[in-house]
Amino acid sequence: MVGSGLSNQIGASVGALAFPVLGPVGVVAVRQWVAAVVLLGAGRPRLRGFGAAQWRPVLGLAVAYAAMNLTLYAAIDRIGLGLAVTLEFLGPLAVALATSRHRRGVLCALAASAAVVVLVRPRPSTDYAGIALGLTAAVCWACYILLNRTVGRRLPGLEGSAAAAAVSGALYLPVGVVVLWRSEPSAVAVLCALGAGVLSSAVPLLADLLALRRVPAHFFGIFMSVNPVFAALIGLVVLGQHLDPWSWAAIAVIVAANAVAAGRGPGRRAPFRAAADRP
């Protein structure tokens, strides 16, 4: 679980190193292609057997996946890794809170809302476009989780996720090729983009599948709540992105709210029930 979280955030930071050359769009395109190759190999979807009932959620999942990573990486480019990932994490938190019937769900929602206000408080340096991109990524992640569950009910194993990844990768083919052709990237920039795809897609997928064989799903969901902390620390170490004490406190509150919402016990569905629920 530690390896999955660290790999995901290190991959994002490595991808950010290629932003000056490829931009977020170019890096995301390469990442989507890597994810498509990995998931197609793991899921081996039988596309000819898909009917309209299967293709509709798969296509929705592909669009959500494509938009989620693009808005997240664009947010990282503007407001930094830690803040962008924390805002994106509001997506699964919202899904968890929406399915909670306990009073603690309301308390978690209030705490997370207060933390968001602290994170986006008006300052001369506030990048409202970057914040909007981070919140859009959160909406996309929530849609991704819900659509993935629908796909999981209609298709066995990773077939639906693999098909969605393939469609998402195909969507990025035209723009990715144009960006790569016009930017004339260096070998280092291409390796950083490929590294983002491997570290943020291939490694977490394998690690999550292995972890979920050994730990309860709700405990896995609680532990994955530390991803915003990993993102903030890696953003500091790798990218030199510093957060003020108020931002650190807000991240801690959001992490705690998600941990409480996710820890609903093994008898109820957690927001990270399966590795496929994760981007």
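Predicted model: local features only at pLDDT ≥ 70, side-chain atom pairs only at ≥ 80, totals over all residues.

A: Residues are numbered from 1 along each chain as its sequence is written, and side-chain values use heavy atoms, with hydrogens and water left out.

Helix α7 covers residues 128–154, 27 residues in all. Helices here are DSSP runs of H or I with at least four residues, strands are runs of E with at least two, and both are numbered from the N terminus. From its first C-alpha to its last, α7 reaches 39 Å, close to the 39 Å expected at 1.5 Å a residue; the expected span is 1.5 Å times one less than the number of residues.

Aspartate 127 lies in the loop between α6 (103–119) and α7, and arginine 78 in helix α3, so the pair ties together parts that are 49 residues apart in sequence. A salt bridge means a side-chain nitrogen of Lys or Arg within 4 Å of a carboxyl oxygen of Asp or Glu, and by this rule the count comes to two. Arginine 78 is partly exposed at 46% relative accessible area; buried means under 20%, exposed over 50%, and partly exposed in between, using a 1.4 Å probe and protein chains only.

The other bridge joins the side chains of glutamate 159 and arginine 46, 2.7 Å apart from N to O. Here too distant parts of the chain are linked: glutamate 159 belongs to helix α8 (residues 159–171), arginine 46 to the loop between α2 (19–43) and α3 (52–79), and the two are 113 residues apart. Glutamate 159 is buried, with a relative accessible area of 8%, whereas arginine 46 counts as exposed at 55%.

The loop between α2 and α3 also holds arginine 44, whose phi is near 45°, a positive value in a residue other than glycine. Arginine 44 is exposed, at 65% relative accessible area. Glutamate 184 likewise has a positive phi of about 45° without being a glycine. The place of glutamate 184 is the loop between α9 (173–183) and α10 (187–212), and it counts as exposed at 68% relative accessibility.

Further along α7 comes leucine 147, which counts as partly exposed at 24% relative accessibility. Leucine 147 and alanine 96 are 51 residues apart in sequence, and their C-alpha atoms are 15 Å apart in space. In helix α2, valine 27 is buried with a relative accessible area of 0%. Its C-alpha is separated by 9.5 Å from that of valine 179, 152 residues away along the chain.

Helix α4 (residues 81–88) has eight of its eight residues buried, so it is largely enclosed by the rest of the structure. Among the buried residues of α4 are Thr86 and Glu88.

As for the whole, the protein has 13 helices and zero strands, and 52% of its 279 residues count as buried. The C-alpha trace spans about 45 × 45 × 30 Å along its principal axes.

Valine 238, in helix α12 (residues 227–239), is partly exposed at 40% relative accessible area. Valine 238 forms a nonpolar patch with Leu17, Leu236 and Val237, with about 350 Å² of accessible area together. Areas come from the Shrake-Rupley method with a 1.4 Å probe, and for residues only the protein chains shown count as cover. Patches are made of residues with over 30% relative accessible area and no salt bridge, joining like charges within 9 Å and nonpolar side chains (Val, Leu, Ile, Met, Phe, Trp, Tyr) within 5 Å.
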